[in-house]
Amino acid sequence: EILGKLEFKLGSAGPLVFLRRLSRLAKVTPEMHTMAKFFLEVVLHDHLFLQYPSSLQAAAVTYLTIKIFESPNINWSSVLENVGGYTEDDLKSCVKRFAKSVLRIPTNKQRAAVDKYSSSRFSRVATHRNLKKDIIKQLAQS
């Protein structure tokens with residue numbers, strides 16, 4: 001009631017808020033964090049992602065990025081499960097959808113995110129060699 005009188009409006013946190021926290025806890029590299037942000041921007045226009053909570057989207061792109069970079073020092077550990085609130089099994093559906101979206105990037109008509117993340121300012125993650133790895137195809141089919 002007080003917030004209404006003050007015309008104070010509360011909104012829900014977007015996936016970037018959760019991604020920042022997960023990236024910090026997972027100790028991912030800046031390049032990995034940038035790639036995760038790229039994945040989130042690529043699907044902004046895709047209404048199918050509205051079914052997933054922002055926290056799940058952030059967890060899914062963090063998981064996907066960890067898998068793509070195959071970093072021996074970073075994995076989806078119990079710490080990330082506790083903080084993110086999602087097990088690997090919880091992530092499967094959302095990760096699969098993100099992986100399918102990543103595979104469609106070369107033919108995607110929405111080029112704004114690709115153009116943006118192809119610049120040196122964003123480490124050229126849109127053209128990164130890791131985007132062609134078989135793990136993405138495996139995750140898209142799982």
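**A loop and the helices around it**

Modeller: His 128 is found in the loop between helix 7 and helix 8, where helices are DSSP runs of H or I with at least four residues, strands are runs of E with at least two, and the numbering goes from the N terminus. This is a predicted model, in which local features need pLDDT of at least 70 and side-chain atom pairs count only at pLDDT 80 or more, while totals for chains, interfaces and linings use all residues. Residues are numbered from 1 along each chain as its sequence is written, and side-chain values use heavy atoms, with hydrogens and water left out.

Residues up to four places away in sequence aside, His 128 is in contact with Glu 31, Met 35 and Phe 69 (contact meaning heavy atoms within 4.5 Å).

Ser 123, in the loop between helix 7 (112-116) and helix 8, is not a glycine and yet has a positive phi of about 60 degrees; its relative accessibility is 37%, so Ser 123 counts as partly exposed. Arg 124, placed in the loop between helix 7 and helix 8, is likewise not a glycine and has a positive phi of about 50 degrees, and with a relative accessible area of 45% Arg 124 is partly exposed.

The buried residues of helix 8 (residues 134-141) are Ile 135, Ile 136, Leu 139 and Ala 140. Seen down the axis of helix 8, these buried residues fall within an arc of 140 degrees, so they line one face of the helix; the arc is that of the directions from the helix axis to the C-beta atoms. As background, an α-helix has 3.6 residues a turn, so residues three or four places apart point the same way. The cover over the buried residues of helix 8 includes helix 4 (54-69) and helix 6 (88-103).

With helix 6, the axes come within 7 Å of helix 8 and cross at roughly 130 degrees; axes are lines fitted to C-alpha atoms, for helices over the stretch in contact, and angles run from 0 to 180 degrees between N-to-C directions. Helix 6 and helix 8 are therefore oblique to each other, given that angles under 35 degrees count as roughly parallel, over 145 as roughly antiparallel, 65 to 115 as roughly perpendicular and the rest as oblique. Their crossing is left-handed (the near helix is turned anticlockwise from the far one by less than a right angle, whereas clockwise makes a crossing right-handed). On the helix 6 side the meeting residues are Val 95, Lys 96, Ala 99, Lys 100, Val 102 and Leu 103, and on the helix 8 side they are Ile 136, Lys 137, Leu 139, Ala 140 and Gln 141.

With helix 4, the axes come within 9 Å of helix 8 and cross at roughly 140 degrees, and helix 4 and helix 8 are therefore oblique to each other. The crossing of helix 4 and helix 8 is right-handed. Here Tyr 63, Leu 64, Lys 67 and Ile 68 of helix 4 meet Ile 135, Ile 136 and Leu 139 of helix 8.

Some of these names return around Phe 39, a residue of helix 3 (residues 30-42), which is buried, with a relative accessible area of 1%. Neighbours within four places in sequence aside, Phe 39 is in contact with Val 61, Leu 64, Thr 65, Ile 68, Phe 98, Val 102 and Leu 131. From C-alpha to C-alpha, Phe 39 and Tyr 117 are 10.0 Å apart in space, although 78 residues separate them in sequence.

Helix 4 also has a partner in helix 2: helix 2 and helix 4 pack at an angle of about 45 degrees, with their axes 8 Å apart, and the crossing of the two is right-handed. The contact is made by Pro 15, Phe 18, Leu 19 and Leu 22 of helix 2 and, on helix 4, by residues including Ser 54, Ala 58 and Val 61. The buried residues of helix 2 are Pro 15, Leu 19, Leu 22, Ser 23 and Ala 26; they cover an arc of only 100 degrees around the axis, which puts them on the same side of helix 2.

Methods: Buried means under 20% relative accessible area, exposed over 50%, partly exposed in between (1.4 Å probe, protein chains only).
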